[in-house]
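Open your viewer and get ready to click along. We will start with the whole chain and then select one piece after another.

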Amino acid sequence: MNHSPLFYQAGTALPEVSHADGVRLWDAHGHEYLDGCAGAIACNLGHGRRDIRDAMLAQLDRVAFTYRTQFENAPAVALGRALVELTAGQLDKVFFVSSGSEAVESALKLARQYFVARGETQRRRFVSLRPSYHGSTLGALGVTGYRPLEAAFDALITASLKVAGPDFYRHGDADDASHVDRVLAETRQAIEAAGPESIVAFVLEPIGGASTGARVLGQRYLQGIRALCDEFGCLLILDEVLTGVGRTGDWFAYQHYAITPDLLATAKGLGAGYYPVGALLARTDIVDAVMAAGGFQHGHTYAGNPLACATGLAVIEAMQRENVLDNVAARGRELEAGLAVLQARFPWLGDVRGRGLLWGVELVADPDTKAPFPAEENRFARITALARAEGLLIYPRRTLDGVAGDHFLVAPPLTIGADDTAELLERLSRALVRFDREVAAPASA
Ligand code: PMP
């Protein structure tokens, strides 16, 4: 009988963590876990960092909370400057929040207010991808393309126009360029049918997160979407809540693709699990237009509090000091190579995709047709349990909307070393052997 008042864990009996250090956590029974997914792809620097703790304590000793209309907030200004520098000044205004959902929500509202300020009030609709995940608040849910989360709220949300992004695993193959061009042409048609003058912004994750299992959209597609936004006069909002702050090997994933967004939402890795902090980054002229028209009608009490911003600043400074992006590149190559070996070994391991230290692994019932396992078999939960039994945490997702199979993310802290990367792959390999034996039951067995 579970007496916990926490209803989000109903029915499950999870062990308590006794302590954590680097890429490892230990539960109260003494079991050790290698954190192969940085919690929820958030603990980017690993656990138990003294430098982050010290920076937080120093800020706590000064002041934990000040309100933005009452005092200048030095940590917020410093973190804002640091973030702008990470975009090489391409996005030079920052609005702080406490979560990814709030960052996306803020982007949607700032974009709409921009067009209201310009007198283009007919722009009231967003375009986004299916599948996608942009957060749990009602606005962010409106642009999210993931039926299990949307269904109960259809009557409450303003749903965006949903379009399909490229899917190189199922449709690319021989000619990726023509696949992308076809997808872009379909997107153009959908926007033209809806009325381009009604669109506020296109919202997308430059590399998918949990919803798509790290689906990579690629340069041709992203540049195509940028061009469509320019042609139709709407904004491009990138959701880098998961990919931002180093996860894919550059500070932001868009920097791989020679495009610039108009607005960018980031969160998770910015606080690196030490404290909630997220940010909306924006082009100056967008912010100026909104401010000139009376200001941004939006805000949260805890947004950009000094403790949050001191934490975010300590995270970025640690990453710069330790050249963490170089480590992401080196460990990313090792992970990619190791996952390719596993893929060659297990036919039901359909696709491995990603970049940097963000890798998605998709399971399929039939490698030839790429048909997913039936949803009711909950393979995603089984593989997660087997990995856990081998002392490895991975981040799972059930098969979705008939467009992708069960999948999981491998996305360890960005500071993981070479030995631990090898250990991660070894534990994953053992879990996959058990999955193969216990549940996949291949015809040849
Ligand atoms: N956008 C993306 C791409 C995400 O991965 C997430 C979190 N998984 C969110 C938005 C929402 O962030 P949060 O859970 O911090 O509200």
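**Stop 1: the whole chain.** Among contacts between residues at least 6 apart in sequence, 72% join residues at least 24 apart in the protein chain. Keep in mind that you are looking at a predicted model. Colour by secondary structure, and you can pick out 15 helices and 15 strands. Along the principal axes, the C-alpha atoms fill a box of roughly 70 × 55 × 45 Å. Does the overall size agree or disagree with that of a compact globule? A compact globule of 445 residues would have a radius of gyration near 22 Å, and this chain has 22 Å, so the two agree. Of these 445 residues, 51% count as buried.

**Stop 2: helix H4.** From first C-alpha to last, its 18 residues reach 25 Å, close to the 26 Å expected at 1.5 Å a residue. H4 is mostly covered, with 15 of its 18 residues buried. After H4, click on Gly119, where phi is positive, near 80 degrees.

**Stop 3: helix H8.** Next, select residues 176-194, which form helix H8. Its 19 residues reach 27 Å from the first C-alpha to the last, close to the 27 Å expected at 1.5 Å a residue. Highlight His179, Val180, Val183, Leu184, Thr187 and Ile191, which are buried in H8. If you look down the axis of H8, these buried residues fall within an arc of 130 degrees, so they line one face of the helix. Here is a handy rule for reading such a pattern: an α-helix has 3.6 residues a turn, so residues three or four places apart point the same way.

What covers the buried residues of H8? The cover includes strand S5 (125-129), strand S6 (161-163), helix H7 (168-172), strand S7 (199-204) and helix H9 (219-232). Just after H8 comes Gly195, with a positive phi of about 100 degrees.

**Stop 4: helix H2.** Select residues 50-62 to see helix H2, which has 13 residues. Its reach from first C-alpha to last is 18 Å, close to the 18 Å expected at 1.5 Å a residue. The buried residues here are Ile52, Ala55 and Gln59. They cover an arc of only 65 degrees around the axis, which puts them on the same side of H2. Show helix H3 (74-86) and helix H12 (306-321) too, as the buried residues of H2 pack against them. On the other side of H2, find the exposed residues Arg50, Asp54, Leu57, Ala58, Leu60 and Asp61.

**Stop 5: Asp366.** Finally, go to the loop between strand S12 (358-363) and helix H14 (379-389), where you will find Asp366. With 13 other C-beta atoms within 10 Å, Asp366 is partly exposed. Draw a C-alpha to C-alpha distance from Asp366 to Trp348: the two are 18 residues apart in sequence and 6.6 Å apart in space.

Conventions. Residues are numbered from 1 along each chain as its sequence is written. This is a predicted model: local features need pLDDT of at least 70, side-chain atom pairs count only at pLDDT 80 or more; totals for chains, interfaces and linings use all residues. Helices (H or I, at least four residues) and strands (E, at least two) are DSSP runs, numbered from the N terminus. The expected span of a helix is 1.5 Å times one less than its number of residues. A residue is buried if 20 or more other C-beta atoms lie within 10 Å of its own, exposed if 12 or fewer, and partly exposed in between; C-beta atoms are placed from the backbone. The arc is that of the directions from the helix axis to the C-beta atoms. Two residues are in contact if their C-beta atoms, placed from the backbone, lie within 7 Å. The radius of gyration is taken over C-alpha atoms; the globule rule is 2.2 Å times the number of residues to the power 0.38.
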